[in-house]
Amino acid sequence: MAQSEVTTHRVIFGNCQDMHEVASESIDLTVTSPPYYNAPFDYPGMYKDYDEYLKMLSRVSDELYRVTSQGRVACIVIDDMLVDGEKLPIVADCTTIMRQTGFRYRDRITWVKPKGYSRISRRSGVLVQHPYPMYYYPDNIQESVLIFQKGRFDYKLIKEIDSTLLSQSKIDSVAFNRNEWNLTVWQITNVLPTNNPLEKGIAAFPEELANRLIQLFSFVGETVLDPFLGSGTTSKASAALGRNSIGYEMNYGLKERIVAKVGFNDSVKISSERRHDCIAPIAEKDLNLSTPLKRAGGHSLR
Ligand SMILES: C[S@@+](CC[C@H](N)C(=O)[O-])C[C@H]1O[C@@H](n2cnc3c(N)ncnc32)[C@H](O)[C@@H]1O
């Protein structure tokens, strides 16, 4: 792992539907997880309806296409959402939107959370109460990692990468084999609210998830974008792997948590900007942390 060089991490507090601070074709990889449509713990009622949510995804997709370098990848961690007893096909709709924008659909990894660890709504309990046909609703312990690509990567470009950076970018084959990165199913423990107060009330994804994607799709010294930065997991993993990062986050109230999570030392430089369209700090009391299931970072409803 490359640790020697200084990496920079820019956090822009504002709405990522407009990422004008990021130059076109300047991003080497995106790793992100959009808010889950009208999840009660995130921003209840934030989207008037599902159509408005899809329009937001569509605008972000346009911006992602503009900022992504030719041949490079955008990874979106997302899942279908159960709202008022209806499953909304967010994975399919997000895939369609990204394809309509111009991205190629490269792959889908299924991220599986451990049975015992997942904090999910126990929908299967219905069948326990009514052990008859038609009462089956499975408990969801997975999310999708959708991998999109802007055109095709020119592998000849690898010859132009500085030899030190290239050798530092070599994939950790021990981790690759031991943790079965070769499969379309990744078993990774989800973030538990009790583990780290910096992730409390945020549907954070595990650092291991960002870690794998960053190693697999970017080179040391490159720049990783997360338009929905949340607690700053992508920036933290980027710093640890010798990559720079840019993150957008609408909630200015997360600033201190992001800075604390990413860390700040001689080799990790973090800066932040506050735009007019970010929202003011959300008070802890408004984060709806009183219900344990809701505190699980959104896993309750997926
Ligand atoms: C699912 S969380 C991301 C969690 C993140 N992956 C982590 O590990 O901490 C989504 C985040 O996107 C932010 N957000 C929602 N809509 C946004 C927008 N239009 N622009 C920027 N940030 C937004 C929310 O405030 C929330 O922190």
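pLDDT is the predictor's confidence in each residue, on a scale from 0 to 100. This is a predicted model, so to speak of local features a pLDDT of at least 70 is needed, side-chain atom pairs count only at pLDDT 80 or more, and totals for chains, interfaces and linings use all residues. Numbering starts from 1 along each chain as its sequence is written.

Across the protein the mean pLDDT is 88, with 86% of residues at 70 or more. Residues 287–302 are another story: pLDDT stays under 50 there, and the model gives this stretch 45 contacts beyond four places in sequence (a contact being two C-beta atoms, placed from the backbone, within 7 Å). Where pLDDT is low, the predicted coordinates should not be read in detail.

On to the helices (DSSP runs of H or I, at least four residues, numbered from the N terminus). Helix α1 (residues 50–67) packs on helix α2 (residues 90–101) at about 40°, axes 9 Å apart; axes are lines fitted to C-alpha atoms over the stretch in contact, and angles run from 0 to 180 degrees between N-to-C directions. From α1 come L54, L57, S58, S61, D62 and Y65, and from α2 D93, C94, I97, M98 and T101.

Helix α6 (residues 207–217) and helix α7 (residues 233–240) pack at about 55°, again with axes 9 Å apart. Here E207, A210, N211 and I214 of α6 meet T233, T234, K236, A237 and S238 of α7.

Notes
Helices (H or I, at least four residues) and strands (E, at least two) are DSSP runs, numbered from the N terminus.
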